[in-house]
Amino acid sequence: MDAIEAIRKRKAVRTYTDRPIADGVVDGLLRAALAAPTGSGSQAWSLLVVRDAERRREIADLIIAGGAQYFANMRPQRDLDDDEHRRQCGEYAEKILSTYRIAPVWIVALLVPRGNYPDSMAEGGYVDDLLSVAFAMENLMVAARAEGLGTVPTSAFQRFEKDRLRAILGLPGEVAPVLVSPLGYPESFPDGLPPALKKSFRGWRSLVHDEQWGSTRA
């Protein structure tokens, strides 16, 4: 699969099998990830690979619990009371994310400050470093798709349990978990957009402006 096809076919995978992944395949993905652009050449990143079964399950449980909280915040409550709404969102998170517990590998993308920026550029430098971590994960996700592997970047889900995630991974205070993704062979790759997104998803032509704002191709 070439790069363009892998980019177009990369989708958020939320159903995994427990089929193992060869060490050499994982290492190839990590090297592809870390070939990404890095602001000021600082390499203010690390990728933490989790294979231990108990630790994987802890991360999966954390992400599923965070998913329940995310859905509770994002989905309309309508005529449900608070407890019923939370219960319904928890059941939904469990339904769509439960196979996270058997994904054979988890990848945690970390921001690791390198002190490359003077105080006058510290704020912008932090943004650059954060973007660099995202570039690396995009590389990894595209390379994974080319290998027939699924990923799904999570950020909002783990924010609700960041301290717990730090404890599971033994992270020092200055190292920040930015994105977390299971890595595994999917039950199947998604085909097209989820129904809920089809109604509101913008086509590419409406997002491309030529020469000046407002001159879209739509």
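Reader: Are Tyr-16 and Tyr-100 buried or exposed?

Author: This is a predicted model, in which local features need pLDDT of at least 70, side-chain atom pairs count only at pLDDT 80 or more, and totals for chains, interfaces and linings use all residues. Residues are numbered from 1 along each chain as its sequence is written, and side-chain values use heavy atoms, with hydrogens and water left out. Buried means under 20% relative accessible area, exposed over 50% and partly exposed in between (1.4 Å probe, protein chains only). By that criterion, Tyr-16 and Tyr-100 are both buried.

Reader: Which kind of aromatic pair do Tyr-16 and Tyr-100 form?

Author: Rings of Phe, Tyr and Trp (its six-membered ring) pair if their centres lie within 6.5 Å; planes under 30 degrees apart count as stacked, over 60 as edge-to-face and the rest as tilted. The centres of Tyr-16 and Tyr-100 lie 6.0 Å apart, with 65° between the planes, so the pair is edge-to-face.

Reader: Which residue forms one aromatic cluster with Tyr-16 and Tyr-100?

Author: Tyr-16 and Tyr-100 are paired with each other. The cluster that contains them also includes Trp-106.

Reader: Is Phe-71 buried or exposed?

Author: Phe-71 forms an edge-to-face pair with Tyr-70, at 5.7 Å centre to centre and 70° between the planes. Tyr-70 is partly exposed, at 28% relative accessible area. Phe-71 has a relative accessibility of 10% and therefore counts as buried.

Reader: Over the ring of which residue does the charged end of Arg-75 sit?

Author: A charge sits over a ring if NZ of Lys or CZ of Arg is within 6 Å of the ring centre and within 35 degrees of the ring normal. For Arg-75, the distance to the ring centre is 4.2 Å, and the ring belongs to Tyr-92.
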